[in-house]
Amino acid sequence: MKKILSICLLLIAVVAQAQIQEPVKFKSELKTLAAGEAEIVFTATIDKGWHVYSTDLGDGGPISATFNVEKISGATVVGKLQPKGKEIASYDKLFEMNVRYFESTAQFVQKLKLTGGDYKIEGFLEYGACNDENCLPPTQVEFNFSGKAEAAKGTAAATPAEKVTAPAEEAKPETQPVSQTETPADTASTGIIGGADGPTDINVAGNIDLWKPVINDLQSYGETTSQEDMSWFYIFITGFLGGLLALFTPCVWPIIPMTVSFFLKRSKDKKKGIRDAWTYGASIVVIYVTLGLAITLIFGASALNALSTNAVFNILFCLMLVVFAASFFGAFELTLPSKWSNAVDSKAEATSGLLSIFLMAFTLSLVSFSCTGPIIGFLLVQVSTTGSVVAPAIGMLGFAIALALPFTLFALFPSWLKSMPKSGGWMNVIKVTLGFLELAFALKFLSVADLAYGWRILDRETFLALWIVLFALLGFYLLGKIKFPHDDDDTKVGVGRFFMALFSLAFAVYMVPGLWGAPLKAVSAFAPPMQTQDFNLYNNEVHAKFDDYDLGMEYARQHGKPVMLDFTGYGCVNCRKMELAVWTDSKVSDIINNDYVLITLYVDNKTPLTSPVKVTENGRERTLRTVGDKWSYLQRVKFGANAQPFYVLIDNEGRPLNKSYSYDEDIPKYIEFLQTGLENYKKGK
C-alpha cells in the first residue's frame, strides 16, 4: 500500500525523537436498548494521517479490532464486534491482502443480552493503528460496566463467567518471557514504573536493571526527523519529464512550427503575435492543470488513493496500457471522435481574441490525445497515491509547462525554427519506445491484481523474466533489428539511438540475477515482493539472533558486544520496507550481523504470558497479557516511544549509544547511525 505523509516528531521541552504518540482516542459507553438487550459502543477520534483497522482482517495482516471479555456475569455476548461508519477498503501490496480501515472517526459496537438481575462485564477492545511511517502496537481500551437489569421474557439464567475473544488469532512463535514472581492463574502480578529514570519491578538476574528508563539519555543524543518520500518538487519534475516525452511524439512535434508561424503571420504587429503565442502556451497550462484538479475534486484524494490499489482498477488500467502500446506499435490509430476536435476548431475560427486562442489550445489537447493520453493517465495514477488534493495539479503543471514551452520560445526566437529537427522516422522511434515502456508498466499494474486474487501467475521471477524480454526487445528494436509498420526502411542507427539501445540491453542484463533472488533495488518499487520468489539463492539477509530482550542482553554481556533493538510488528508495513530496502545493503547487513547482537521484539506477538502482569504507567493501571504487550511496555517505559519501526542501539547494560532511528530509507544515514553506535560503545568500554 504506497499512501505517503510526512511526520515531524516535536517535544516541548527537550527535542528528541523518542515520543509517545496518541493519535487515537477512544471512549466507551453501555447503551440499554429493549428489555434484556444492550450494546457497548466504542467511539474513536483519529488524528489526520492515521487510520484504525477494522474487524476480521484475517491472519498475516494488520491488527484487527477485537472485543475481549475477561469477567462476565448476568449477561452474554451476542454475535461479533460490528464496525460502524465510513469504512475504507483497499489492497495492501505488502500484506498481499485486502484491508479495511477507518480515518478521522471510527465506531465499534458489541451487542449483549442481559439475563436479569445484577450484571457485571469487564474486558477490553484491542485495535491496531498506522500512518504512512509508523504503526502502534496492539492497543487496549479497557471497560468495566455493572448494574441491574430486568430479565427479558423467556431468558435463561445467567451463564457462568467466561472469556470471549473475537476473532481468535493464531499464536505466534513462542518467546521466553521475562522472569516474574509466580502467581496463581487467576491473579496478576504487579509492576510499578518509577520516576522519570526510576527502576521497575520487572528485573532479570544480576544487579543491573535492564528495564531502567533511558529517555533522558536518548534526548541528549538529539533528534532525527522523518523525510517525505514524494515531495511536490519530485511530482513536478515527473510531470515535466512526461511533458517532454509527449513533446517529441508525432502528435505534437509537427504542430509546433505550424502553430508558431500562424501566430506570427496572422498579425502585422510582431509583439501581438508573440503575445498570442504566450497566451496559447498559458492556455495549454490552464487546460491540463484544470484536468488535474478536476480529477481529484471529482473523486477525492482518498478515493483516488484507494482506487489506485484496487485490484479491478489495476486490471482495467493494465488493459488500457496494452491497448495504447498496440496503438504506438502501429496496430491501429487511437483518436478521440473527430467531431469533438472539429467542433472546437470551428468555434475557434468563429471567435476572436483570447477565447479563440484558448480554443485552439484545447484543439491541440484533443488531437494529441493518442500520444499524450497514456502519459497523462500513468502520471495521474502515480501521483494520486500521495493522498494530496494538489498532487495531480502539480504533476499536470509540470507536464503542461514542458508541452507549452516550445510554442513560446519559438515565438520569441523565430530563427530557431530553421534549426528545429524535421519530422521523420525518429518520432516513430520515440512512439514505439513509449509502447515498450507502457507494456512494462502494464505488468506492474497486473501484478497488483495478481497479488489481490492470489492467482500466482506473476510471481517475482515471472515478472522479471517478462521485463528482461521486453527491454531486450527494445534494445534490438533501437538497433534496427526489429521493424514495426510505421518504421522506415533506413537501417542506419544514429549515435543517440545506439546509446538508448545500450542502456536498454544493459538494464535487461542487470535484471537477470534477480531470477535467482538478487534484490534489484532499482526495480524493487515495481516488482512483486521477494516473498513470491520460488527460487532464491541470495543469502545476504539479516536475521535476528534473539526475539527475547533479556536472553539477548545476557548473550551480549557474555560476548562483549553492543545490542541493536528492533521494535517491530507482524503488521508493520514500513518495518518490512526497511528490511527490504536498507537491511539488504551489504554494508548494513555486515555491520548488523557481525558487530551487533540483533534483538527483534514483535509488539503484536500474541503468545500469552505465563500469567498476566499488572503495571502502573503514568498513574494508570494496565495489564500485560501477551509477549507483545511486554515488548510494547518495554519500548514505552525505557525509551519513551510507542511507534514502529523503532531502532535503538544500547550497550550490554541497557544504556543508549546513539539517538534512535525510525522509518528512513536513506542507507548512508543508516550506516552512520550504526557506526556512531559502535564508536560510542568502544569509547565507553
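These legends describe close-up views of one predicted model.

Local features need pLDDT of at least 70, side-chain atom pairs count only at pLDDT 80 or more, and totals for chains, interfaces and linings use all residues. Residues are numbered from 1 along each chain as its sequence is written, and side-chain values use heavy atoms, leaving out hydrogens and water.

**Figure 1. The whole protein chain.** The chain has 19 helices and 18 strands. Both are DSSP runs, numbered from the N terminus: helices are H or I with at least four residues, strands are E with at least two. Of the 685 residues, 51% are buried. Buried means under 20% relative accessible area, exposed means over 50%, and partly exposed lies in between (1.4 Å probe, protein chains only). A contact means heavy atoms within 4.5 Å. Among contacts with a separation of 6 or more, 75% join residues 24 or more positions apart. The accessible surface is about 31300 Å², and carbon and sulfur atoms own 60% of that. Areas come from the Shrake-Rupley method with a 1.4 Å probe; for residues, only the protein chains shown count as cover.

**Figure 2. Confidence along the chain.** pLDDT is the predictor's confidence in each residue, from 0 to 100. Its mean over the protein chain is 76, and 72% of residues reach 70 or more. Helix α13 (residues 460–478) has the highest confidence, at 94, while strand β12 (residues 164–166) has the lowest, at a mean of 37. Residues 1–18 fall below 50, yet this stretch has 60 contacts in the model beyond near neighbours in sequence. Residues 223–230 also stay under 50, with 24 contacts beyond four places in sequence. Where pLDDT is low, the predicted coordinates should not be read in detail.

Figure 3. Helix α2 (residues 232–247) has 16 residues. From first C-alpha to last it reaches 22 Å, close to the 22 Å expected at 1.5 Å a residue. That expected span is 1.5 Å times one less than the number of residues. Ile235, Gly239, Gly242, Gly243, Ala246 and Leu247 are buried. Seen down the axis of α2, the buried residues fall within an arc of 145°, so they line one face of the helix. The arc is that of the directions from the helix axis to the C-beta atoms.

Figure 4. An unreviewed UniProt entry gives the feature "transmembrane region" at several places, including residues 425–443 and 463–482. UniProt positions follow the numbering used here, feature names are shortened, and annotations may be inferred rather than shown by experiment. Residues 425–443 are 100% helix and 0% strand, with end C-alpha atoms 28 Å apart. Residues 463–482 are 80% helix and 0% strand, with end C-alpha atoms 23 Å apart.

**Figure 5. Ile401 in helix α10.** Ile401 sits in helix α10 (residues 391–412). Its relative accessible area is 28%, so Ile401 is partly exposed. Not counting residues up to four places away in sequence, Ile401 touches Phe236, Phe240 and Val285. Leu244 is 157 residues from Ile401 in sequence but 9.2 Å away in space, C-alpha to C-alpha.

**Figure 6. Ser447 in helix α12.** Helix α12 (residues 425–453) holds Ser447. Ser447 counts as buried because its relative accessibility is 4%. Leaving aside residues up to four places away in sequence, Ser447 touches Leu458, Phe463 and Pro528.

**Figure 7. Positive phi in two loops.** Asp56 is not a glycine, yet its phi is positive, about 50°. Asp56 lies in the loop between β3 (51–53) and β4 (66–73). With a relative accessible area of 36%, Asp56 is partly exposed. Ser104 is not a glycine either, and has a positive phi of about 70°. Ser104 lies in the loop between β7 (97–103) and β8 (105–114).
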